[in-house]
Amino acid sequence: MLTSPGWRDVVVLGGPTDPGPRLTGSRVVLEVAEHPERLDGHVLVVLLANDHSDWRIDALISRAAAARAGALLLAGVEPLGRGAQLLAERLQLPVLGCPDPLAAHEHLRRVTSEPEVVRSDLVLRAVSALRRADADLTSVLRTTSGVLSRPITLAGADGGTLAGEPLESSERSELVAALPRVPVAWAAPYRVDLPSGAVLIAVAVVSVGPVCWLVARLPGVVPAEVDAVPEVLSVVAPAVGERLVLRRLELERDARQRTSLLGELLHGEPSEATRRRAVDLGWQLDGWHTGIRIGADGQVDVAGRWADVVEAFDAEGLHAVVVEQGEGWSAWITAVREPTATEVQEQAAAIRRVQRRLVPTVDAYVGVGRVQPGPSGIATTLAEAGDAAGLARSRAETGRFLHVDRLGLAQLLLAWTRTDTFQPAAQALLAPLKDQPGDLVTTLAVYLDTESSLAETAAVLGIHRNTAAARIAKIQHLLGVDLTNPDERLALHLASRTTPTE
């Protein structure tokens with residue numbers, strides 16, 4: 001009951017620390033001098049008991065315990081005297097306080113003797129509140145949370161938060177384990193009892209997209225509320241589904257608009273009409289553009305995840321135009337002047353961080369094109385980015401990320417490195433690294449691919465930076481080379497790219 005919204009003002013003043021007996025109702029008396037009859041699990045509610053230091057409180061605790069009360073609820077929240085606290089602990093009687101004990105009594109009476117009234121009242125309140133709610137999904141969830149006085153989450157099939165209050169990671173795993181993989185619209189609500197004593201109630205929401213779940217979290221078990229919440233969620237779920245359909249239609253409309261405009265840019269110099277549409281969308285066509293292609297393996301809702309991609313760029317301080325295209329996204333970043341070589345590399349490092357932000361939920365591979373000027377440069381740099389992404393997709397050792405500035409002539413040389421004459425020489429060059437702990441050939445390849453960045457090497461390999469530094473030092477010692485020498489770097493780079501790793 002202490003977790004129930006109707007008892008939010010009730011506090012524990014003394015008594016046992018364990019949950020205590022099951023409450024069966026409540027009995028009201030006027031003052032502490034009353035002599036209650038047998039209570040059998042009822043809460044004894046005392047309307048006039050503001051002075052909790054009164055010696056009669058001790059006597060009332062004894063009488064309530066003798067009558068087998070479930071708890072004693074006093075008016076006011078002032079602390080008990082020390083003697084009353086010790087007596088309540090010894091008699092194992094919970095003593096509670098509340099500014100309005102009559103309201104607490106009425107709420108307890110309803111949830112114990114009139115659970116159907118509680119259920120009906122919550123459903124009617126939800127229906128009435130939904131009529132007044134705004135059209136957006138956030139407003140519906142906020143309204144439902146206000147009716148139930150409980151956090152409400154719209155969760156995906158993986159338990160991830162689509163809207164509303166996020167679930168804890170442990171709660172997500174418990175929820176996913178309990179829910180069916182392919183629910184149907186008429187599936188009954190699911191109840192998940194958590195080890196903490198809290199309860200999750202989940203109702204399927206079926207709309208035009210993947211099935212998701214409307215989830216309420218109850219911190220404790222009050223049977224009348226646990227029975228009422230599924231009824232409320234079942235009423236709210238169609239309203240949530242309607243909002244999802246409307247939002248999906250809006251997303252697809254915007255995606256078609258962006259994709260159509262990008263198609264015009266990729267097919268020649270933009271017309272005046274195309275430029276006007278670009279201005280409407282906030283696209284900058286003039287300047288220097290860096291193209292980016294983000295591909296996604298597996299089934300990905302490209303339109304639905306568009307906002308996530310934009311947020312990932314924004315989080316790294318990159319103002320990018322992002323367009324849904326095929327099984328992924330095309331994007332570009334525009335600068336008013338031609339970036340320096342240092343700025344290009346810093347930008348590429350930031351784009352790699354964008355990829356890492358997406359990887360937990362999207363199996364992404366990324367290609368980055370060279371900087372190109374003017375409106376026609378958008379098509380050129382995006383074509384280069386697409387080629388780079390195609391190569392990055394199968395190159396796990398580079399973190400599935402390739403920048404055309406890191407390829408260029410090297411890609412032409414790589415074609416020669418695959419010949420029968422080069423490969424034996426490459427294997428002989430790297431022979432001292434074979435059978436060494438730490439997969440030194442792969443470490444060398446990643447180190448050179450990332451332009452001698454120990455931090456990037458450690459991130460791609462999933463090791464500590466100091467470990468990466470130690471491996472590079474060992475490689476230089478075993479091969480007798482200086483990795484700051486451009487000629488030696490080129491030879492080793494080509495050799496490491498063509499030599500198969502274990």
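# Close-up views of a predicted model

**View 1. Arg 109 and Glu 106 pair through a salt bridge, with their closest N and O atoms 2.5 Å apart.** This model is predicted. Both residues belong to helix α3, which spans residues 101–113. They are 3 residues apart, so about one helical turn separates them. Arg 109 has a relative accessibility of 27%, so it counts as partly exposed. Glu 106 is partly exposed, with a relative accessible area of 32%. Side chains of opposite charge can pair when their charged atoms come close. The count for this model comes to 27 salt bridges.

**View 2. Glu 456 and Arg 352 meet in a salt bridge.** The N to O distance is 3.1 Å.

**View 3. A salt bridge joins the side chains of Arg 370 and Glu 384.** Here the N to O distance is 2.6 Å. Arg 370 comes from strand β14 (residues 363–373), and Glu 384 comes from helix α11 (residues 374–392). The two are 14 residues apart, and the pair links distant parts of the chain. Arg 370 counts as partly exposed because its relative accessibility is 40%. Glu 384 has a relative accessibility of 12%, so it counts as buried.

**View 4. Asp 297, Asp 363, Arg 393 and Arg 400 form one network.** Salt bridges that share partners join these four residues.

**View 5. Tyr 190 and Trp 213 form an edge-to-face aromatic pair.** The aromatic pairs in this model number 2. In this one, the ring centres are 5.7 Å apart, and the planes make an angle of 85°. Which parts of the chain does the pair tie together? Tyr 190 lies in strand β8 (residues 190–193), and Trp 213 lies in strand β10 (residues 212–218). The pair therefore ties together parts that are 23 residues apart in sequence. Tyr 190 is partly exposed, at 26% relative accessibility. Trp 213 is buried, at 3% relative accessibility.

**View 6. Trp 283 and Trp 332 form an aromatic pair, also edge-to-face.** Their centres lie 5.2 Å apart, with 85° between the planes. Trp 283 sits in the loop between α8 (272–281) and β11 (288–297). Trp 332 is part of strand β13 (residues 328–335). The residues are 49 apart, and the pair links distant parts of the chain. Both Trp 283 and Trp 332 are buried.

**View 7. Arg 258 lies over the face of Trp 306.** The distance to the ring centre is 3.8 Å.

**View 8. Tyr 447 is a residue of helix α14, which covers residues 440–449.** Its relative accessibility is 11%, so Tyr 447 counts as buried. Which residues does Tyr 447 contact, leaving aside its neighbours within four places in sequence? They are Ser 452, Ser 453, Leu 454, Thr 457, Ile 472 and Leu 483. Thr 342 is 105 residues from Tyr 447 along the chain. The C-alpha atoms of Tyr 447 and Thr 342 are separated by 18 Å.

Note on methods
Residues are numbered from 1 along each chain as its sequence is written. This is a predicted model: local features need pLDDT of at least 70, side-chain atom pairs count only at pLDDT 80 or more; totals for chains, interfaces and linings use all residues. Side-chain values use heavy atoms; hydrogens and water are left out. Rings of Phe, Tyr and Trp (its six-membered ring) pair if their centres lie within 6.5 Å; planes under 30 degrees apart count as stacked, over 60 as edge-to-face and the rest as tilted. Helices (H or I, at least four residues) and strands (E, at least two) are DSSP runs, numbered from the N terminus. Buried means under 20% relative accessible area, exposed over 50%, partly exposed in between (1.4 Å probe, protein chains only). A charge sits over a ring if NZ of Lys or CZ of Arg is within 6 Å of the ring centre and within 35 degrees of the ring normal. Contact means heavy atoms within 4.5 Å.
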